[in-house]
Amino acid sequence: MKRILILSITIFFALNSLSFSQSINYKNTLPLDETIKKGVLSNGMTYYIKSTDVVKDAASYYIIQNVGSVLENDDQQGLAHFLEHMAFNGTENFPGKGILNTLQKHGAVFGKDINAYTSFDETVYNLSNIPTKDSLVDTCLTILKDWSNYLLLTDEEIDAERGVIKEEWRTRQNGQMRLFQTSLPITFNHSKYADRLPIGLMSVVEGFDYKALRDFYHDWYRTDLQAIAIIGDVDVNNIEQKIIEKFSKIPAIENPKERIVIDIPENDEMLYSLGTDPEVSTANITFGIRQKKSLETETVADLKRSLLESMATSMLAARISEKSQKPEATFLGARVGYGQMSRTSNSFSITVYPKPNQQKEAFQEVLAEVIRAVKYGYLKPEIDRAIAKMTSSYENQIAKRNDISHRQIERTIQNDFLNNRTMTDIEKEYDIAKQILSTLTQEELHNAIKRLYAKNNRYLNVTGVEDQENLTENQAKQIISAVENDATLEPYSEALDGKTLVSNLNIKPGTITTTETNSETNATTYVLSNGIKVHYKFVDKEKDKVSLNAISYGGTSLLNDDDLPSASLVGNLIQMSGLGDFTATDLQKVLAGKTASVRTSIDDIEETLSGASNTKDVETMLQLVHVYFVKPRFDEQAFKVLESNINNYIIRRSKDLGEKMRDSLTIALYGKNNPKERIFNQDYANDISFEKIKSIYNERFADASDFEFFIVGDVKEEQLKPFLETYVASLPTKNTKETFKDNGSEWIANNIDQDIYLTMEDPKATVNIAYKKEMPYTKNNVIYTNALGDILQLRVVETVREAEGGAYSPRANASFSREPKSQVYVSFRFDCNPDMADKLVDIVNAELHKIADGIINDDDLNKTRTNFIKERQQAKDKNDYDMQWLSSYFRYDEDINNPENFENIVNTMSKNDIQEIAKQVLDGSGKSFEIVFKPKQ
């Protein structure tokens, strides 16, 4: 079943509720999605197969292990996760790095197409979007078979991986992670979950015996706890036969260990924790209530319950969000959610982000909104909007059912296998949901929130701040009691007068004066009566999806330096202010059930509007565009809220190690007083002005004449043209044409080399290396540079991660920018063991120098070439490719679809071509920095 918990929500249907209520049998099971083939082999392994051409000529392969860290003994903490790593380090048919080497030759990328994760209760491996040619289907099935039962787990590979996992732990360690660990015993009521964070204990990782890992593997990686899923452009019957032949041979384990399911104990009294950390300077409060969760087969009654819970939490979240947008609010924001926390428990939770030194007040204010709903329920207009959103969500899913990604399908399958959630036929589920929604009452939704706000199984985790008055257990209990018994609490009320986005606008439609079709792109260009150009292309590779981009040159490059702090917050204030006659809160109500959205942004050299909608909401999307130009909203109350957010951000970043590194890097590169590269501190905040933000937005967006519009997607010309004439041709224009200035800041020296020492709780080094060099912009240079980056990534993974065990996720990148400067940029970044930092710096620099000397592995070049071709072919199946095509063609006279501009270059690309880019980067005429952060002793 689609998890309605994450859906949004909708209008009542004019249907006969009595007849529907008589026709609903709540004991019926939910309708199955019969396009997913499910079976169980004689050895107990479950398999799923789904044919879909959402990615043509490619398939994804998953093995879902009903095994996670919760199955570990005390002396095994970390072995479930360690085992996940070992699956990529040698199997019976693919010794050593055989899996990676085999699939990378066919264009797969480790970390993206080839990956896995370990959680408390499951471990899932994926091979994503692998081409189905060249016998790769059989290859991938063999990999799944090996993962199931044939890992080699050699001594040498185990020892090599210990360092990698230690570095993964090091990378993840920060103040928030340490506080998360503090909260686990309270969240999970001291059950086994509290002591089984998947990364484990480093004492175990560094010291376990080889036999311990092999025993864990043979105890738990077994067919009765495994499911495989094959999703993609495949023949279901053919794949099923291959599965039966290949996987039935895996022996079932005799006398298997019981796969226990951990149940979180009940608690009558609220559990409480308080944690502080030297690297955390802002508070948050999470109040949760655990609910028992059934693993029984889902019925229509479960669907109704899910719909009610989703609507109840969504409406509550909207109320709390509305509160947070008032300047006098004691909290900056809050999250309300209801979802799975373990196999047998869900959690209704509220996380509050208080303003500084207002923890008690913030908790009380947010809790009051919860209790208001518990006491009085919801208003009919709220419920109508919730039903409108739910209906729209269903309709969008149905319209796009053939475009669902492999990963989304896998999640549905995974929920069926691990949680017994039904894989429903979404159309048939919607038919049932419509009947349920048409009969819902205010009382049922009231009862839903009352049920979620249970008296038992409560927990409260406070992330406190050192040297502040943090919310204590007694204070929290007193607040809960006081608010629950507050006789002065009144019902929620609202007033919305029924106006539309454009009700008070005097729109005078224009016309389309000329229409020109371009044969190379199959796009149509409309010139409107106000001079605006709109490039349009009908594309339905992804059904019911329409995208819009409007781009104008200028950006912050045309502003004075004094205006830059205000310019950086323009998008924030616009979003928080609402639009036209509507506050941000009312705008959400007006748009309830609509998929249309538009965002504005200003960057270094451009200002843009980007929009998206489904087919039926294209008019709403263009209405939003119109109002952003002619009647933007600048709300002084919203600016006061923004100021509170800014103040909190300054406090939060004051002790955050990552922020300290970013600030130190900025100063090292640009100096302490560069007006274009300022540190976000109180001086910066003092220079942010409401009037300046308003002035900057109006200056950049008041005149639409030099905005070039691109519309791509599933909208027919006859539907689109009247909307263009009404909402775009009517925009005011002054026939101006701007360009950007190349006035960006430069590094303070051509070569910067620094070690920067910072105080940190968990010692680590962070390496930052970069080179840049101006070069002529050509498609060849762009592609060769990208290839250089991909080859460097392969090399640093092999050397820094695998050979040295020195970093978990070393990143290498090379890119070529067209504007404002035509230049190549090569960078390396990773966290590592401080004792190894200098050695690893030498290694990554040596890899770049090797390429400049012409030392390039044939395999690395071939892997990169194949990946480029594979990803280009798969990209062409998405609407976004056509948006990129039109943008490049009409803005830069560049036809990316012409093989001469991509495929021909890639296929003839040589080692010399890549070597030449590396040589130019290192020839001494460019710039570079090498900045390494290390722990202060």
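Student: Where is Thr620 found in this model?

Tutor: In this predicted model, Thr620 is found in helix 20, residues 618–630.

Student: Why is Thr620 called buried?

Tutor: The relative accessible area of Thr620 is 8%. Buried means under 20%, so Thr620 is called buried. Leaving aside neighbours within four places in sequence, Thr620 is in contact with Leu501, Leu591, Lys594 and Ala596.

Student: What makes Asp113 buried or exposed?

Tutor: Asp113 has a relative accessible area of 4%. The cut-off for buried is under 20%, and Asp113 is therefore buried. Asp113 lies in the loop between helix 3 (98–104) and strand 4 (114–118). Not counting residues up to four places away in sequence, Asp113 touches Gly107, Ala108, Asn126, Leu127, Ser128, Lys870 and Glu871.

Student: How do you know whether Glu167 counts as buried or exposed?

Tutor: Its relative accessibility is 3%. Since buried means under 20%, Glu167 counts as buried. Glu167 is found in helix 5, residues 155–172.

Student: Which residues is Glu167 in contact with, leaving aside its neighbours within four places in sequence?

Tutor: Glu167 is in contact with Gly805, Gly806, Ala807, Tyr808, Cys832 and Asn833.

Student: Why is Asn522 called exposed?

Tutor: Asn522 has a relative accessible area of 56%. Exposed means over 50%, so Asn522 is called exposed. The place of Asn522 is in the loop between strand 12 (512–518) and strand 13 (523–528). Asn522 has a positive phi of about 60 degrees, although it is not a glycine.

Student: What makes Asn735 exposed?

Tutor: The relative accessible area of Asn735 is 74%. The cut-off for exposed is over 50%, and Asn735 is therefore exposed. Asn735 is found in the loop between helix 25 (717–728) and strand 19 (751–758). Asn735, which is not a glycine, has a positive phi of about 60 degrees.

Student: How does the reach of helix 14 stand against the expected value?

Tutor: Helix 14 (residues 426–439) reaches 20 Å from its first C-alpha to its last, close to the 20 Å expected at 1.5 Å a residue. At the start of helix 14, a side-chain oxygen of Asp425 comes to within 3.0 Å of the backbone nitrogen of Glu427.

Student: What makes the pairing of the side chains of Glu469 and Lys360 a polar contact?

Tutor: The side chains of Glu469 and Lys360 are joined at 2.8 Å. A polar contact requires a pair of N or O atoms within 3.5 Å, one able to donate a hydrogen and the other to accept it; the value of 2.8 Å therefore meets the distance limit. A polar contact of 3.5 Å joins the side chains of Glu469 and Gln475.

Student: Where is Glu469, and how far is it from Tyr881 in space?

Tutor: The place of Glu469 is in the loop between strand 11 (458–463) and helix 16 (473–484). Glu469 and Tyr881 are 412 residues apart in sequence and 53 Å apart in space, C-alpha to C-alpha.

Student: What is the peptide bond from Glu819 to Pro820, cis or trans?

Tutor: The bond is cis, with omega near -5 degrees. Pro820 lies in the loop between strand 21 (811–817) and strand 22 (823–832).

Student: Which residues line the second largest cavity, and how are they divided by class?

Tutor: Ile264, Pro265, Arg290, Gln291, Lys292, Ser345 and Asn457 line the second largest cavity. By class, this lining has 2 nonpolar, 3 polar and 2 charged residues. Arg and Lys count as charged, so Arg290 and Lys292 make up the charged part. Strand 8 (residues 284–292) gives the most to this lining, with 3 residues. The volume of the second largest cavity is about 40 Å³.

Methods
Residues numbered from 1 in each chain as written. Predicted model: local features only at pLDDT ≥ 70, side-chain atom pairs only at ≥ 80, totals over all residues. Heavy atoms only, no water. 1 Å grid on protein atoms, 1.4 Å probe; cavity = no way out; pocket = protein on both sides within 12 Å on 5 of 7 lines; lining within 4 Å. Points joined across faces, edges and corners; volume = space filled by probe spheres on them. Helix = DSSP H or I, 4+ residues; strand = E, 2+ residues; numbered from the N terminus. Expected span 1.5 Å × (residues − 1). Buried < 20%, exposed > 50% of the residue type's maximum accessible area, 1.4 Å probe, protein only. Contact = heavy atoms within 4.5 Å.
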